[in-house]
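These are my notebook entries on one chain.

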Amino acid sequence: MAPNQKLVELEAWRKSGISHTYPSYRRQFPISEESWLEGKHRDDAAEGLWRIKDKLYDLSDFARRHPGGAFWIERTKGTDITEPFESHHIEEHAQKMLSKFEVRSAAQPRNYKFTLEEQGFYLTLKRRVRAKLRKLNYRPSYKTDLLHTGILISVIFFSWAGTAFNSLLLRALAGLSLCWLSSSAHNYFHQRDNWRMYSFNLLLLNFNSWRTSHALSHHVYPNSLHDLEMSLFEPFLCWVPSRHYASRKQRVISVLISPFIYTIMSLVQFTERIVYSLAKRNVMYWHDVLGFTLPAFLYVATNVDLSSAIISWLIILGFGSFMFGFIGLTAAHHDPRIYHDGDAPRADRDWGLFQLDTIIDRGDIKWSDFLVLTHFGEHALHHMFPTLDHGVLRQLYPELQQTLSEFKSELREINHWSHIKGQTQQLLRMEANPNPPGSKKFK
């Protein structure tokens with residue numbers, strides 16, 4: 001291949017289908033939540049302020065008064081928050097307050113290609129959801145709280161029993177409970193600050209870190225080059241369908257090593273944050289210590305010595321991390337039939353339709369509130385309305401189906417086994433889909 005042709009090809013794959021520029025953070029190493037935010041500061045043309053559509057706002061003085069907590073405001077300074085603002089504020093109060101903080105119009109057009117038209121899919125659905133919420137029965141959210149509390153008790157009990165009786169089976173049940181605890185705590189860290197979100201840290205992960213990588217990155221830009229949850233796993237796991245990101249050999253190896261990646265995921269993420277804090281600047285929080293309360297409890301509450309308590313905890317943590325990675329990465333997003341950056345995008349760039357293009361829901365768990373909470377169920381609705389309790393989401397399907405029918409779209413569903421198979425196929429996929437979602441040829 002001639003050098004010029006190679007250069008043209010190189011520039012062709014260094015593009016994202018959802019933005020006008022290649023994400024700056026992907027040119028840095030190592031990739032982290034901090035580098036992702038630094039990249040957005042360069043790419044989003046927010047001029048050190050908060051950008052919503054084509055306006056710039058100064059929310060500095062409002063951060064501490066923000067009902068959802070100061071973190072969301074302080075963390076997003078200097079970035080474009082258009083889609084998070086729309087999806088996190090279903091009622092109109094926040095929209096009405098914006099004019100108080102307006103500074104000026106942005107000097108440059110938006111980097112992202114998404115649209116949020118008043119008569120488009122997402123805002124039409126949002127208006128219907130807003131009306132439904134005003135007369136909704138919120139009792140299912142109480143059940144969510146009870147489920148989360150029960151799972152937390154299960155973690156404590158099985159961890160103690162597995163350590164006290166030196167039982168691998170009981171430790172495995174403790175690990176499974178720990179996975180379910182973090183999955184259910186995920187329901188809470190999307191919401192305003194609350195005590196239940198802290199339980200996420202028992203898996204040695206950190207909810208504030210995941211508010212960036214998951215809520216602000218993955219939820220807004222799923223399956224794209226801007227999705228930090230995809231890029232953090234590269235080069236070990238690569239879902240982008242291009243040989244420029246991973247060779248055939250790398251992809252085969254990734255399928256084989258994926259169980260190991262799931263198992264060490266928690267320890268690796270914690271270690272990376274410590275190394276970054278020592279090498280650059282502190283990204284640790286006081287509540288990171290919560291991850292070590294479980295081994296401390298095991299040492300105090302059983303008759304085993306310290307080393308045995310730590311070993312028992314590491315076994316539980318390994319089981320929990322494996323199950324959390326396995327369930328999370330086969331929950332909804334990775335299948336050759338799902339849009340990934342590089343595939344042909346649909347003509348209508350409505351942000352809500354983009355969410356549907358990047359998700360196939362799990363239809364096999366909708367019957368159980370417990371499974372929905374612990375296996376990332378109601379995924380499409382959760383992506384579009386992340387602050388709503390999982391127990392409430394299922395009551396919004398009539399509004400979703402009505403809007404889908406009007407916009408001639410669909411909510412796809414498969415079972416977990418199909419998702420497991422689809423994720424393997426996606427890891428091996430090297431060719432982009434030339435048929436856009438919604439077209440007759442799209443599969």
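I began with the radius of gyration of this predicted model. A compact globule of 443 residues would have a value near 22 Å, and the chain has 22 Å, so the two agree. I then took the extent of the C-alpha trace along its principal axes, which is about 65 × 60 × 45 Å.

For secondary structure, I counted 19 helices and five strands in the chain.

Of the 443 residues, 57% are buried. Among contacts with a separation of 6 or more, 74% join residues 24 or more positions apart.

I found 52 positive and 44 negative ones, and the centres of the two sets are 2 Å apart.

Which residues does the UniProt annotation "transmembrane region" cover? The unreviewed entry assigns it to residues 144–162, 168–189, 252–271, 283–302 and 309–329. I compared two of these spans with the model. Residues 252–271 are 100% helix and 0% strand, with 27 Å between the end C-alpha atoms. Residues 309–329 are likewise 100% helix and 0% strand, and their end C-alpha atoms lie 30 Å apart.

I record that the label for both spans comes from the UniProt entry, which is unreviewed, whereas the helix content of residues 252–271 and of residues 309–329 was computed from the model.

How values were computed
Residues numbered from 1 in each chain as written. Predicted model: local features only at pLDDT ≥ 70, side-chain atom pairs only at ≥ 80, totals over all residues. Heavy atoms only, no water. Helix = DSSP H or I, 4+ residues; strand = E, 2+ residues; numbered from the N terminus. Rg over C-alpha atoms; globule rule 2.2 N^0.38 Å. Buried < 20%, exposed > 50% of the residue type's maximum accessible area, 1.4 Å probe, protein only. Contact = heavy atoms within 4.5 Å. Lys, Arg positive; Asp, Glu negative; His and termini not counted. Charge placed at Lys NZ, Arg CZ, Asp CG, Glu CD. UniProt positions renumbered as here; feature names shortened; annotations may be inferred.
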